[in-house]
Amino acid sequence: MGDGTGGTDSHDVPLSEIAGRRDLALTVVVEASDPAITWAVASELVEPAAYLRGGELLLTAGVNLPVTSDGVRDYVRSLVRAGVGAVGFGLAPVHAVVPERLVGQCRAQGLSLLEVPQTTPFAAVSRAVGEELEERHLRDVRRLGESHQALARAVTAADPVERVLAVLAQSLGGWAVLEPSDPSVPAHRTPGAPPETGTGLRPLLAKLVAPSGPRSAKAPSGDDEVFLHTVGVPPEERGVVLVGRPEPLGIADRAVLRTATALLDLLCRTVEEEPPVPGRLLTRLLLDGGPDEETAPLLAALADARADQGRGQDPRGTGTGAAHRAHAHAHGRGGEPGAYRVLRALPLARGRNTAPGDLPLGTQLVDRPGNGAGPDGGPLVRAVLTDREEAAHREHLDLLRAHGWVAVFGPAVPPQELPESDRKAASLLARARVVGAPMLWARDTDPFEALVDPAEAHGLSRDLLGPLAGETKAARTLRATLHAWLARHGNWDRAAADLGVHRNSVRYRIGRIERELGADLADAEQRMRLWFALTRYVQEGPGAPGTG
């Protein structure tokens with residue numbers, strides 16, 4: 001198993017890397033190619049093969065090794081059938097040397113055999129295998145991250161399809177082709193790709209672009225193994241991505257391929273007359289469909305836009321200073337690591353509004369649906385930004401208001417929960433639109449504040465409170481008493497102390513409230529409804545009386 005540009009499967013390691021470690025002092029007794037080792041396991045069972053999954057380095061001191069040649073032959077045969085990668089035979093305390101009958105059978109049946117000296121514990125061999133596996137895994141993770149960042153930059157290039165194919169080919173150490181379903185349209189090819197798709201692959205291409213055909217396949221072509229995946233909308237705009245290289249794809253390779261095909265699929269779905277807008281495409285994918293394990297890593301590169309966001313003018317100053325300040329705030333320290341927020345914004349009804357394309361948003365993940373998307377048929381802007389400290393987000397909201405837009409930030413969430421954050425931001429924006437002020441979903445945000453329209457909440461509260469909703473002194477007194485009593489969980493003495501009256505006065509007033517409302521305040525459900533009504537009516541009712 002090589003370690004070339006294309007990377008390797010992070011779930012196994014070549015036996016040669018284990019045998020080559022000087023700290024183990026292993027000796028290769030029988031060399032049968034270079035098997036892939038998935039783990040090291042010690043076993044002295046007579047028939048260990050039944051408990052193995054394949055790919056293991058089986059460590060044994062030969063405690064129960066058969067004494068006959070036929071027995072050893074059957075023992076080795078069972079290991080080969082189970083897919084064991086190699087045997088590590090430990091010297092002492094049972095055997096001073098590796099038994100010749102075991103050496104002969106391993107050589108005859110093609111099973112690699114190592115000699116483990118007495119000074120090397122089996123635990124040291126197991127730990128060494130684990131270290132090598134972890135190192136290869138970390139190497140794959142680094143390569144995967146670098147590839148995702150390169151793909152994120154590629155989709156924002158002037159020629160995103162060509163750039164994505166080039167990054168894909170370079171990351172996998174092979175070549176890539178985007179073959180359109182329309183034979184009159186030229187294919188996109190990277191350097192090293194065959195000038196024409198081989199005739200042996202043509203029937204497979206036709207099957208993939210069929211409306212009911214499979215989405216992916218692989219097939220040999222010359223010295224290469226070719227991986228194929230469809231992109232675009234069937235049947236007219238469907239194409240096929242082909243990737244070829246001599247070696248099979250490892251886990252990290254397949255992850256890079258899935259990410260690249262997902263991006264190419266988005267780009268191929270873009271209307272041909274319009275230039276592709278990768279940021280908008282990815283934003284809709286993240287907010288409407290939810291990211292998967294391949295698209296989520298792209299957020300880090302696109303939700304922190306380092307480019308100049310200052311095309312708009314600062315209505316509070318000169319030049320593009322405000323845009324630069326917003327950019328600086330958007331990249332301040334703080335926030336939850338790996339978390340993102342959804343921004344939604346609408347233009348204010350009065351005053352001048354900056355054009356949607358000129359807003360200082362500080363991110364490339366922006367969706368501007370245009371007129372008709374807003375609640376009044378006006379424009380709406382959605383964006384995804386990295387979570388920062390609340391002060392930075394609030395200043396960003398103030399800046400957008402200075403540009404004539406009322407905006408909100410949804411809660412900070414991991415990538416897979418962005419659609420839910422978008423829904424909460426939409427609810428919060430409805431409230432911000434009524435209040436006329438920007439809002440940030442913080443840790444202490446009351447969900448009712450975002451999900452219930454203020455005017456509707458006030459009307460519902462008035463209906464629930466009935467005679468207590470009046471503006472007379474008696475109504476205000478009863479409201480204040482009910483509020484204090486509910487806040488103190490029905491404790492007469494504490495409620496009386498808060499109101500500055502005798503506890504018997506509180507008892508009398510609560511009894512009167514029950515009679516006037518026809519409510520049983522021993523019922524937790526009714527207490528909950530009245531608490532909702534009191535807090536929403538007092539806090540949000542225009543010109544509502546105080547608690548008295």
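Two strands count as paired if DSSP finds at least two bridges between them. Strands, in turn, are DSSP runs of E with at least two residues, and helices are runs of H or I with at least four residues, both numbered from the N terminus. With those terms in hand, I can go through this structure.

This is a predicted model, so local features are reported only at pLDDT of at least 70 and side-chain atom pairs only at pLDDT 80 or more, while totals for chains, interfaces and linings use all residues. Residues are numbered from 1 along each chain as its sequence is written, and side-chain values use heavy atoms, with hydrogens and water left out.

First, the whole chain. The protein chain has 18 helices and 17 strands. Of its 548 residues, 46% count as buried; buried means under 20% relative accessible area, exposed means over 50%, and partly exposed lies in between, with a 1.4 Å probe and protein chains only. A contact means heavy atoms within 4.5 Å. Among contacts with a separation of 6 or more, 65% are between residues 24 or more positions apart.

Now the sheets. Strands of a sheet pair through backbone hydrogen bonds, either parallel or antiparallel.

Angles here run from 0 to 180 degrees between N-to-C directions, and the axes are lines fitted to C-alpha atoms, for helices over the stretch in contact. Which residue of β7 is the bridge partner of Val28? The partner is Leu114.

Staying in β7, look at Ser112. Ser112 counts as buried because its relative accessibility is 2%. Its side chain reaches the backbone nitrogen of Ala32 at 3.2 Å. That is a polar contact, meaning a pair of N or O atoms within 3.5 Å; within protein, one must be able to donate a hydrogen and the other to accept it, and residues adjacent in sequence count only if both atoms are side-chain atoms. Leaving aside neighbours within four places in sequence, Ser112 is in contact with residues including Leu15, Val30, Pro35, Gly85 and Val87.

Helix α3, residues 100-109, belongs in this part of the talk. Its buried residues include Leu102, Val103, Gln105 and Cys106. Among the elements that cover them are β2, α2 (69-82), β6 (86-90) and β7. After α3 comes Gly110, with a positive phi near 75 degrees.

Next, strand β12, residues 239-245. How many of its 7 residues are buried? The count is 7 of 7. On one side sit Gly239, Val241, Val243 and Arg245, on the other Val240, Leu242 and Gly244, and both faces are covered. Strand β8, residues 175-180, pairs with β12 in the antiparallel sense over 6 bridges, and there Leu178 stands opposite Val241. Strand β11, residues 224-231, also runs antiparallel to β12, joined by 7 bridges, with Thr230 opposite Val240.

The next sheet is open as well, with 5 strands in the order β14-β15-β13-β16-β17 and mixed pairing. β14 (366-367) and β17 (439-440) each have a single partner strand, so one side of each is left without a neighbour in the sheet. Inside it, β13, residues 340-347, and β15, residues 381-386, pair in the antiparallel sense over 6 bridges. Val342 has Val384 of β15 as its bridge partner.

Helix α11, residues 390-402, lies across β13, β15, β16 (405-409) and β17, and runs at about 160 degrees to β16. Glu390 is found in α11, and with a relative accessible area of 32% it is partly exposed. Glu390 and Phe409 are 19 residues apart in sequence, and their C-alpha atoms are 9.9 Å apart in space.

Last, Arg479, in helix α15, residues 473-487. Arg479 is buried yet has no salt bridge, and Glu471, the nearest side chain of opposite charge, is 7.9 Å away. A salt bridge needs a side-chain nitrogen of Lys or Arg within 4 Å of a carboxyl oxygen of Asp or Glu. For charge, Lys and Arg count as positive and Asp and Glu as negative, while His and the chain ends are not counted. The side chain of Arg479 does reach the backbone oxygen of Gly470, at 2.8 Å.
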